[in-house]
Amino acid sequence: MTYLDKVNSPADVKKLSMAELEALAEEIRAAILNRDSKIGGHVGPNLGIVEATIALHYVFDSPKDKFVFDVSHQCYPHKILTGRKDGFLTDEGMKKISGYTCPSESEHDNFVVGHTSTSVSLASGLAKARDVKGESHNVIALIGDGSLSGGEAYEGLNNAAVLGSNIIVIVNDNEMSIAENHGGIYNNLRLLRQTRGQAECNMFKALGFEYDYLEDGNSIEKLIELFKKHKDANHPVLLHIHTLKGKGYEFAVENKERWHWNLPFDIKSGELTVDISGENYNDITYNYLKNKIAQDKTVVVVNAGTPGAFGLTPDRRAVLGSHFVDVGIAEEQAVAMSSALAKGGCKPVYLVYSSFAQRTYDQLSQDLALNNNSAVIIVGAGGISAADATHLGCFDMAMMSNIPNIVYLAPTTKEEYLAMLDWAVGQNEHPVIVRIPSAVEKADFAVEKDFSQINRYQTVKQGEKVAVLALGSFYGLGKKVEKLLQQKGIEPTLINPRFVSGIDEKCLESLKDKHQLVVTLEDGVLDGGFGEKIARYYGVSQMKVLCFGSKKEFTDRVPLKELYERYHLTPELIVEDIMKAL
């Protein structure tokens, strides 16, 4: 019998001896690697926080004491110790739990969290609620992996420091963000590590926290001692623990950036067990930017702490040199800085995932669009997907395309993507967003290179009765719909709208003569999206409009096939709806 067999709740952890706790730590690591190697997930952050998590559950009393995990990059050991070990040990169990904290799974999770820098702010709210209600328990926020570089982390620390009651912030300092650390705050962390927490210059003390440092943040015994010392404190405390990211797995220790998160892999060799060969937009984008910088030294590539997500490996960042700027995990800073770079005469290109762009709405509106500076934003991972609820990419078009002055482009193919990107970088009239298509496809139509006539759609095939406006990644879906309609005796018009942010009134007006129905296809949420613009235009006319896209909902790891059927986004279901409407 293993120690994991005996541990079904935090209460079981408290019964173990120190030697047994050390053995438990190794079993937890094996369980983490088992899950990650089979379905992918966060490797290094979870391996590095095993001992601290065991110590937390040994000393504190969850769920009475509240734990808040930043980003949830480090929540796997916590899940294993709170009744969800099957999610790491059995193939069937892995399907049932999220890779992030999730209150619907367990009373030991307080929030659904998958974005960075939130833990201290959330914990400060829990602590205030406790105080207002006259309750007595500990509130603990765990923050690390670069989360301190995000603005909300500063706001949380600023308010937690003056709470005047119990709140314990644990800074998990593994000397890394997702990639290497960026920003002045990490200079102070380095100084504090070098002086074992004794440096007079201490940003946490300056804010008002009681501060304590632990050099060996992977020692269960020392962590237990530290946590016992500060349990039930009646004032804000910050515990700075120095840990090893990837501890216990050689590959993750040697290459911390690559092993922050990984696809399924072979544990012994570290090699991926899935095929990711073939042309991809990370390579396409990097090669374009590298060549563009060689031609134009004013081009600057901006990223917010996730360079690996866009294939910007350390060697590629070295090639880009000073023309690459990583602002840390601070998307708001990235947008504002990009706007100012454009104002200063440069040509910034900011790379951001769709779900992370949600953090930048105010900067997009005020710092960028209101000033109409010609920054370029490339949005990746956009579209309806089987992702977890915190990383959905279906909201970016509705959110960003309705901000004045922003030109939002949705390319359909590799050739069109490169043409739109080249035009966006070369122009100085608008802030431009270009959404990366979901698959590398070759164009079957003449790709234009000049998009300066804003909101002009491209009619790929002229037909009658039904017009299909197939936006961006759903152009291929539009072609399939076209073929099925032809089988039913209808020759539809096929249109590539290209512009998410506006309507082509001339094109739409021309459809009234020979068409009864306009169909819009978009790889995103319908509410506030592209199709609604079209439907609103035709509202008082005789034209019928069918809009296809996703519902306004948070889905969580729902298979894409199931979502497409739910939203009637298969060619057969679309054509069935078309025939009913006709």
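**Exercise 1.** What is the volume of the second largest pocket? Then describe its lining.

*Solution.* This is a predicted model: local features need pLDDT of at least 70, side-chain atom pairs count only at pLDDT 80 or more, and totals for chains, interfaces and linings use all residues. Residues are numbered from 1 along each chain as its sequence is written, and side-chain values use heavy atoms, without hydrogens and water.

- Step 1. The second largest pocket has a volume of about 370 Å³. (A pocket is an open set of points on a 1 Å grid over the protein atoms alone, where a 1.4 Å probe fits, with protein on both sides within 12 Å along at least five of seven lines; lining residues have an atom within 4 Å of a point. Volume is the space filled by probe spheres set on the points.)
- Step 2. Its lining counts 18 residues; Glu 441, Ser 473, Gly 476, Leu 477 and Lys 480 lie nearest the centre.
- Step 3. Helix H22 (residues 475-487) gives the largest share, 5 residues.

**Exercise 2.** In which sense do strands E17 and E18 pair? Follow the chain between them.

*Solution.* 

- Step 1. E17 (residues 515-525) and E18 (residues 544-550) pair in the parallel sense, over 6 bridges. (Pairing takes at least two DSSP bridges.)
- Step 2. From E17 the chain passes through helix H24 (residues 530-537) to E18, a right-handed β-α-β crossover. (Right-handed: clockwise from first strand over helix to second, strands pointing away from the viewer.)

**Exercise 3.** Which residues does Asn 455 touch?

*Solution.* 

- Step 1. Asn 455 sits in the loop between strands E13 (432-435) and E14 (458-461). (Helices, H or I, have at least four residues and strands at least two, as DSSP runs.)
- Step 2. Leaving out residues up to four places away in sequence, Asn 455 touches Phe 499, Ser 501, Gly 502, Ile 503 and Asp 504. (Contact: heavy atoms within 4.5 Å.)
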